[in-house]
Amino acid sequence: MKDILMVFKDLQNMVPNAEILMSEPLSKHTFIKTGGIGDVFTKPFDVNDLQKIVKYAFSHDIPLTVLGKGTNVIIRDTGIRGIVVSLDQLNKVSVTGETITVESGANIIDVSRIALQHQLSGLEFACGIPGTVGGALIMNAGAYGGEISEVLTSATVITQSGEIRTLKVGEFQFGYRSSVFANENLIILDAVFSLKKADPTLIKAKMDENTFLRESKQPLEYPSCGSVFKRPPGNFAGKLIQDSGLQGTRIGGAEVSTKHAGFIVNVDSATSTDYIQLIRHVQKTVKEKFGIDLETEVKIIGDES
């Protein structure tokens, strides 16, 4: 791999309008406020600059990691080598009739509110999901009876080599918390949602109900990465963890939430290592007690050395 200082200078020359930082603390870019250093951190403000960065990384064999809002990710304390790209400035939203086109860095919560303003139904389930549109597509985000797969009609992506492609219905490979975007490591540029006109009073009532359920059940008073584990077939991760007597268990500053056992919260300056060790402890305990393997929903990324 090229010398990191050279990579930094190359990017400064290539995309002068983008934000480019060396040795950036990635704890500043995750919801749980943990994570090591990113060698070169970039924040492009348009798709052309993003494409240049992707092609540069591919042609020079430089590892490339893409972040949205960092809501469903744990970055190891060892950090991330190569280039880290934040997409949160790619956040334009446009509405035409019953269609919303959204850049991947837009907050999915904001998009659900824009849909309400235009009397469009279909994104009520997303009103409490604290991530980006890109992240929602990658994991086929869902809540309260709705999923991204039900409203997405097309998506524009960049491959790891820098090629731009448009995917349509039938190509998304959606499953439970899975998609073609994750399977093929695609970088999402934008998404097109097909919604339906509806009574805004009913849309808002559903969103208010979902918000109440979220606020009453989830430990929003502490930093967290959302639901840590996928739902095992025929069961619920939170109930298995609760029935294992793990609520309140703490390693370092990370704690299994006493409010919702499916969450691990940062109660006292936790490190990513604290989080990962606690996740492994929960998995081991549930396996021993119930014979069930809990699979992480949260993504754990970064240098393993």
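Colleague: Which residues does UniProt list for "domain: FAD-binding PCMH-type"?

Modeller: The unreviewed UniProt entry lists residues 33-198. Positions follow the numbering used here, feature names are shortened, and annotations may be inferred rather than shown by experiment. This is a predicted model: local features need pLDDT of at least 70, side-chain atom pairs count only at pLDDT 80 or more, and totals for chains, interfaces and linings use all residues. Residues are numbered from 1 along each chain as its sequence is written, and side-chain values use heavy atoms, leaving out hydrogens and water.

Colleague: Why is Phe181 called buried?

Modeller: Buried means under 20% relative accessible area, exposed over 50%, partly exposed in between (1.4 Å probe, protein chains only). Phe181 has 1%, so Phe181 is buried.

Colleague: What makes Phe174 partly exposed?

Modeller: Its relative accessibility is 24%.

Colleague: Why is the pair of Phe174 and Phe181 called tilted?

Modeller: Rings of Phe, Tyr and Trp (its six-membered ring) pair if their centres lie within 6.5 Å; planes under 30 degrees apart are stacked, over 60 edge-to-face, the rest tilted. Here the centres are 6.3 Å apart and the planes are at 55 degrees, so the pair is tilted. Ring pairs also link Phe172 with Phe174 and Phe181 into a cluster.

Colleague: How do you know that the charged end of Arg231 sits over the ring of Tyr176?

Modeller: The rule asks for NZ of Lys or CZ of Arg within 6 Å of the ring centre and within 35 degrees of the ring normal. The charged end of Arg231 is 4.8 Å from the centre of the Tyr176 ring, and is listed as sitting over it.
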